[in-house]
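Thank you for having me today. Please take a moment with the sequence and the structure on the screen, and then we will walk through a few places together.

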Amino acid sequence: MRQPPLKLRPSPRLRRTGPRASRKAVIDRRTAETQIKVTLALDGKGKYENSTGIRFLDHMLDLVARHGGFDLKVKATGDLDVDQHHTVEDAGIALGEAVLAAIGDKRGINRAGYFVMPMDETLAVAAIDLSGRPHCVVDTKVNVRLVGDLQTELVHDFFDGFAMAARANVHLKVIYGRSNHHKIEASFKAFARALRVACSKDKQMARMLPSTKGLL
């Protein structure tokens, strides 16, 4: 006897809010290790309200919002008594999920963006392609274990989580710098501004999909 086809329901933790044109998303990501809620508006005013239990990470997320022109709210509770890894990586994943949900079918977007960010003695470069193919390369040249209260090795995990969830190419490189604080901060600023370009609408492309494959 043939079984009736399964009826698939959308995941409750990935939902867009408002009309399609609003380019907003709310992600509620819950695991045994972290509970993270991300509210994102791509076409925002740079407003932010971020709380992860890691103050330096909060500051970096604030920069993503302000330099990206996004409205971003991240509320994260994690097992920081064990380690910061789960909270930092899952924050990157949840942000990537939010971007993927908010951009929708990707028609009319630039798709790719890059930015060269100077910060005093430091110079960082970011390039992003919302290609549907996740890949992440990060070289911050940070040579200390902590900046503020953030374990610096987890910067790569944040961006790797973002790239996997957003299905994007993410390349970040610090060309040179002295201050480890500046190296990380310049990287996040460059990332935000490159993402802003990649997510932005291209009037010339209108409703065209920015790919010759017909799929992103």
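Let me begin with a question: is R207 buried, partly exposed or exposed? Before I answer, please keep in mind that what we are looking at is a predicted model. R207 sits in the segment that comes after helix 4, and its relative accessible area is 47%, so R207 counts as partly exposed. If we then look for R29, which is 178 residues away from R207 along the chain, we find that the two C-alpha atoms are separated by 31 Å.

Let us turn to the helices, and start with helix 2, which covers residues 85–103, and helix 3, which covers residues 154–166. These two helices pack with their axes 7 Å apart and at an angle of about 30°, and because angles under 35 degrees count as roughly parallel, helix 2 is described as roughly parallel to helix 3. The crossing of this pair, helix 2 with helix 3, is right-handed. On the side of helix 2, the residues that take part include H85, V88, E89, I93 and L100, and on the side of helix 3 they include L154, D157, F158, F162 and A166. When the residues of this contact between helix 2 and helix 3 are sorted by class, there are 11 nonpolar, four polar and three charged ones.

Helix 3 also has a contact with helix 4, which runs over residues 180–199. Here the axes of helix 3 and helix 4 come within 12 Å, and they cross at roughly 10°, which makes helix 3 roughly parallel to helix 4. Helix 3 passes helix 4 in a crossing that is right-handed. Which residues of helix 3 and helix 4 meet? From helix 3 we have V155, F158, F159 and F162, and from helix 4 we have I184, F188, F191 and L195. By class, this contact of helix 3 with helix 4 consists of eight nonpolar residues, with no polar and no charged ones.

A pair of aromatic rings is described by how far apart the centres are and by the angle between the planes. The model contains five aromatic pairs, counting rings whose centres lie within 6.5 Å. One of the pairs is F158 with F159, where the centres are 5.2 Å apart, the planes are at 85°, and the arrangement is edge-to-face. F158 has a relative accessible area of 1% and is therefore buried, and F159, at 0% relative accessibility, counts as buried as well. Ring pairs also join F158, F159, F162, F188 and F191 into a cluster.

Now for two places where the backbone calls for attention. Most residues other than glycine have a negative phi. K106, however, has a phi near 70°, a positive value in a residue other than glycine, and we find K106 in the loop between helix 2 and strand 6. D120 is another such case, with phi near 55°, and D120 belongs to the loop between strand 6 and strand 7. Are these two residues, K106 and D120, buried or exposed? K106 has a relative accessible area of 3%, so K106 is buried, whereas D120, at 67% relative accessibility, counts as exposed.

T31 is placed in the loop between strand 2 and strand 3, and at 30% relative accessibility T31 counts as partly exposed. T31 and G78 are 47 residues apart in sequence, and their C-alpha atoms are 9.3 Å apart in space.

Y48 lies in strand 4, which covers residues 48–51, and with a relative accessible area of 39%, Y48 is partly exposed. If we leave out residues up to four places away in sequence, Y48 touches D62, A65, R66 and L72. Between Y48 and L215, by contrast, there are 32 Å from C-alpha to C-alpha, with the two residues 167 residues apart in sequence.

The last stop is D58, which lies in helix 1, residues 55–68. At 4% relative accessibility, D58 counts as buried, and, leaving aside neighbours within four places in sequence, D58 is in contact with N50, S51, T52 and G53.

Terms used. Residues numbered from 1 in each chain as written. Predicted model: local features only at pLDDT ≥ 70, side-chain atom pairs only at ≥ 80, totals over all residues. Heavy atoms only, no water. Phe/Tyr/Trp six-rings, centres within 6.5 Å; stacked < 30°, edge-to-face > 60°. Buried < 20%, exposed > 50% of the residue type's maximum accessible area, 1.4 Å probe, protein only. Axes fitted to C-alpha atoms, helices over the stretch in contact; angles between N-to-C directions. Helix = DSSP H or I, 4+ residues; strand = E, 2+ residues; numbered from the N terminus. Parallel < 35°, antiparallel > 145°, perpendicular 65-115°, else oblique. Left-handed = near helix turned anticlockwise from the far one by under 90°. Contact = heavy atoms within 4.5 Å. Nonpolar A, V, L, I, M, F, W, Y, C, P; charged D, E, K, R; others polar.
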